[in-house]
Amino acid sequence: MRNDPRSHGLWEVSAPQAPVTAPLSGAAEADVVVIGAGFTGLSAALHLAEAGKSVIVLEADQIGFGASGRNVGLVNAGMWVLPEAMPQALGPVYGPRLLAVLGAAPAEVFALVRRHGIACEAVARGTLHCAVGAAGLAEITERARQWAALGAPVEVLDASDTARRLGGGRYAGALLDRRAGTLQPLAYVRGLARAARMAGARICTESPATGAGPQGAGWRVTTPEGSVQAAWLIVATDAYSGALFAGLRREQVALPYFNMATPPLPEGVRAGILPGGEGCWDTRAVLSSFRMDAAGRLVFGSVGRLGWADRAIHRAWALRALHRIFPQLSGIGFESDWFGRIGMTADALPRLHLLGKNALAIAGYNGRGIAPGTVLGKALAEHVLGARAIEAMPLPVRPVTPAPLRLSHEAGYSIGAAAAHLLADRI
Ligand SMILES: Cc1cc2nc3c(=O)[nH]c(=O)nc-3n(C[C@H](O)[C@H](O)[C@H](O)COP(=O)(O)OP(=O)(O)OC[C@H]3O[C@@H](n4cnc5c(N)ncnc54)[C@H](O)[C@@H]3O)c2cc1C
């Protein structure tokens, strides 16, 4: 991907090849034009094509170039917002509806993977939200109580159970969520692309949409070398939205997040770390995440950009943190690192927008885009197909609203994470 190992890192190395695609050239027509080839756009395209619609997906770069090809690979159930806060945030209809949709979303992802035979290292063995100190334990205990009240298969593990499952760490406990799991994200998004193509969708890469406007009864989208006329427009550009959909970008505060991966661990060491195959993250404000890939590499992540100024800080911290959690890895470092942009919204919930007649966008997953992007992309397809009224969508339609103090929040995330990692273990 653009020969830049810091954009997609390990995932570029271990993912199956992307399907062969080409830029859009000349004038084309379709029932639906989708902008953005990540989880959201490709899930929408797949479900539309399976239902017999003609679909053209325009991707500015390559399949999975945005957050979909860079993330940790935690297939989570739900968002950061606590279950009981959801009805307050979205009202008595949409709150419970979104909870139900997102609670079932990992199962939908794993079913989709099976149905299309997507080779993406999918492991449905749960996640561990690891508690740091008494405050962290209180947080996960409350979260578990609220999900359990809804019948979700969650439980709180004590400190020794947590250490046994991790093969290290000194956490106060962990929330085990058996609905969740992990996958190789670039492999998954490429697999969605392959499945969408098999169903008849056309995917045009290196085809940035440079203009989009109503024309006739539908929409005309232009790229440097071509155009698409379609009855429906789906915009799925999320945190990688550029000038054309600047409003969507301004609605989000970009949180930088990096991952670093060890080489495949020696068999004896590997067997003792996360033997149950769960994916993990912790309750710190500047959180850490860790999980194993299929080859036995530990993928360790946290908040931060890997720019020229801060990469060394984050690498040094990550090494210290890795060895503190797993002392058995002392002497083992990282062989790859990469980072991306997470789109955070003011209320930590994704947004559904009507950009005009027959034009929809969903964005703002707040770092929870694998399962939500898949099922909300499918919901967009259902709406276009006439199978789901706009009032029956999992999210209410909202106006595009700029995030307050966006630029200072973005600078705060980058500078704050670098400062936290620089000072960690030193004060
Ligand atoms: C480092 C990192 C870690 C994360 N970890 C997790 C995790 O563990 N679990 C989880 O669930 N989520 C995680 N996320 C969030 C998740 O990856 C995103 O929410 C999800 O990928 C969003 O998918 P999407 O399809 O909506 O957008 P994207 O995957 O960002 O795709 C948008 C695409 O639109 C394209 N585009 C933009 N403008 C144009 C244009 N004008 N014309 C054509 N194409 C355009 C971009 O090139 C891009 O490929 C993480 C994100 C990051 C960055």
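H12 has 18 residues and spans 25 Å from first to last C-alpha, close to the expected 26 Å (1.5 Å times one less than the number of residues). This is a predicted model, in which local features need pLDDT of at least 70 and side-chain atom pairs pLDDT 80 or more, while totals for chains, interfaces and linings use all residues. Residues are numbered from 1 along each chain as its sequence is written, and side-chain values use heavy atoms, without hydrogens and water.

Within H12, highlight Arg-406, Glu-410, Ser-414, Ala-417, Ala-418 and His-421, which are buried (under 20% relative accessible area, 1.4 Å probe, protein chains only). They lie on the same side of H12 because they cover an arc of only 110° around the axis, taken from the directions from the helix axis to the C-beta atoms.

Next, show what these buried residues pack against: helix H8 (246–250), strand S12 (253–261), strand S15 (298–303) and helix H10 (311–325). Contact here means heavy atoms within 4.5 Å.

Then step past the end of H12 to Asp-425, whose phi is positive, near 70°.

Finally, select Ala-77, Arg-143, Leu-175, Asp-177 and Trp-281. Of the 14 residues lining the largest cavity, these are the closest to its centre. Strand S4 (127–131), helix H5 (133–149) and strand S6 (173–177) each supply at least two lining residues, and S4 gives the most, with 3.

Notes
Helix = DSSP H or I, 4+ residues; strand = E, 2+ residues; numbered from the N terminus. Buried < 20%, exposed > 50% of the residue type's maximum accessible area, 1.4 Å probe, protein only. 1 Å grid on protein atoms, 1.4 Å probe; cavity = no way out; pocket = protein on both sides within 12 Å on 5 of 7 lines; lining within 4 Å.
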